[in-house]
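Reader: I'd like to learn how to read a few features of a protein model. Could you take me through them?

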Amino acid sequence: MSVATQHVLQVRDKIELSDIERRIFDRLLASLRHFNLQTQVRVAGGWVRDKLLAKDCYDIDIALDNMMGTEFAHKVKEYLVSIGEGKDVRGDGKIKSNPDRSKHLETATMRWLDMQIDFVNLRSEEYIKNSRIPSKQSFGTPEEDACRRDLTINSLFYNIHTDSVEDYTKRGISDLKSGRIVTPLPPKATFLDDPLRVLRAIRFGVRFEFTLDEDLKVAAACDDVKDALAAKVSKERIGKEVDLMISGNQAVKAMTHICDLTLFWNVFSLPPVFKPAISDGCERLCVAYLDTAWNLIHLLKESTFKVPVVNYIIVDSLKQKGEDAKMVLDLHRASHKFLSLIPCLASNEDLQPDDVDWMRGLIDDVSIASRVRVLTGLDKVWEVKPLINGEDIMNVLQLKEGPLVKEWKEKSMAWQLVDPSRTTEECIDWLREVNSKRVKLE
């Protein structure tokens, strides 16, 4: 099993705002003065953590001490319109609670100056036994709001009135500096309230190459928490967390943590009846295979495991260019995909993701009316040039070259084909927004 080298992150003593962030916060404060609102405005969670780590973040969560998020968002929009800056604001509407995206209460959201800004009130929460959805929510103090969060490194606030970081758990900054994954409250109580936090702890641990706290590991591996994970959290939400782990650069380490914490069969559950029986240590073999495959993929990069006959004929027998062989192979693959679309095209019925297995994930966010256009690439699609390339994607999403970049290139082309009049700037804006929603952090 390969062992990742511990990566020491440099933590800033003070948050350095970009010009755009300073402008946003200045307008929020001006909105308070304009309407004579006696409200304290803070930024919560992931943005604070990332800024202290000198990382870019395009997702700002605003926490209010005595006002609902929707009410304040409308005030901000009204103020921006009054000073002639409202035309670039998109949305100020209400988002319904969505526990599958860790949204347990209604929030308000707007997009302005290439930033996704969510507004919500500080809160305290109470949970019932068989649900990770809070049974009771109320306005809370900053300390109560910080303590209800999943990890201390995600519990920091930035007070825009004082331009200062607030650490109400008394250890968020120190855990960030020492590279530790710790819960604000006793870990077992934190995990029983919302068992998904176990997987989030693993994900953040491998993402930043931090160390999981020993008490946290004991709590994560206990039977009560594993039972709660099975009873309270949907398979879809577990799958989302695993997808985020696998999409990162430490997939093997994440799966190793899942094994070490005896969570493997809770996460990768089997059907009630199956054959043959699973041998002891099977989960360790799964991780070992993943480790081998991961290393092989990085070793081979763009290499292939076998050379198709058509490739040999074109390159070796006919001594033609490798690009010609690749084009022929791509045409063969495309023809099989297009054949699977013919029944839908002939019947003129709307395409659903389950109709064709290879398009799952590509058109999930595409309207039904536009799916045929995206998948068939009609209207001289060969003349359409991609709005963004792999380098653009790596810069915007801070990715390294690899399969994930290729996946985003395919998704961006699908987005582009929905409306060919879209611009490069709009595509980059969409890329940031979709990725921001995907990795949305509390």
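Reader: Is Cys-57 buried or exposed?

Author: Keep in mind that this model is predicted. Cys-57 has a relative accessible area of 11%, and under 20% counts as buried, so Cys-57 is buried.

Reader: How do I read the packing of helices α1 and α3?

Author: Two packed helices are described by the angle between their axes and the distance between those axes. Here the axes of α1 (residues 19-34) and α3 (residues 69-82) come within 9 Å and cross at roughly 95°, so the two helices are roughly perpendicular. Among the residues making the contact are Leu-28 and Leu-32 of α1, with Phe-72 and Val-76 of α3. The contact residues divide into 7 nonpolar, 2 polar and 1 charged.

Reader: Which residue forms a salt bridge with Lys-14?

Author: Side chains of opposite charge can pair when their charged atoms come close. Lys-14 pairs with Asp-163, their closest N and O atoms being 2.9 Å apart. Lys-14 lies in the segment before α1 and Asp-163 in the loop between β8 and β9, so the pair ties together parts 149 residues apart in sequence. Lys-14 is partly exposed at 45%, and Asp-163 is partly exposed at 27%.

Reader: Are Arg-203 and Glu-241 buried or exposed?

Author: Both Arg-203 and Glu-241 are buried. They form a salt bridge, with the closest N and O atoms 2.7 Å apart. Arg-203 sits in helix α7 and Glu-241 in helix α10, so this pair links parts 38 residues apart in sequence.

Note on methods:
Residues are numbered from 1 along each chain as its sequence is written. This is a predicted model: local features need pLDDT of at least 70, side-chain atom pairs count only at pLDDT 80 or more; totals for chains, interfaces and linings use all residues. Side-chain values use heavy atoms; hydrogens and water are left out. Axes are lines fitted to C-alpha atoms, for helices over the stretch in contact, and angles run from 0 to 180 degrees between N-to-C directions. Helices (H or I, at least four residues) and strands (E, at least two) are DSSP runs, numbered from the N terminus. Angles under 35 degrees count as roughly parallel, over 145 as roughly antiparallel, 65 to 115 as roughly perpendicular and the rest as oblique. Contact means heavy atoms within 4.5 Å. Ala, Val, Leu, Ile, Met, Phe, Trp, Tyr, Cys and Pro count as nonpolar, Asp, Glu, Lys and Arg as charged, and the others, Gly among them, as polar. Buried means under 20% relative accessible area, exposed over 50%, partly exposed in between (1.4 Å probe, protein chains only). A salt bridge is a side-chain nitrogen of Lys or Arg within 4 Å of a carboxyl oxygen of Asp or Glu.
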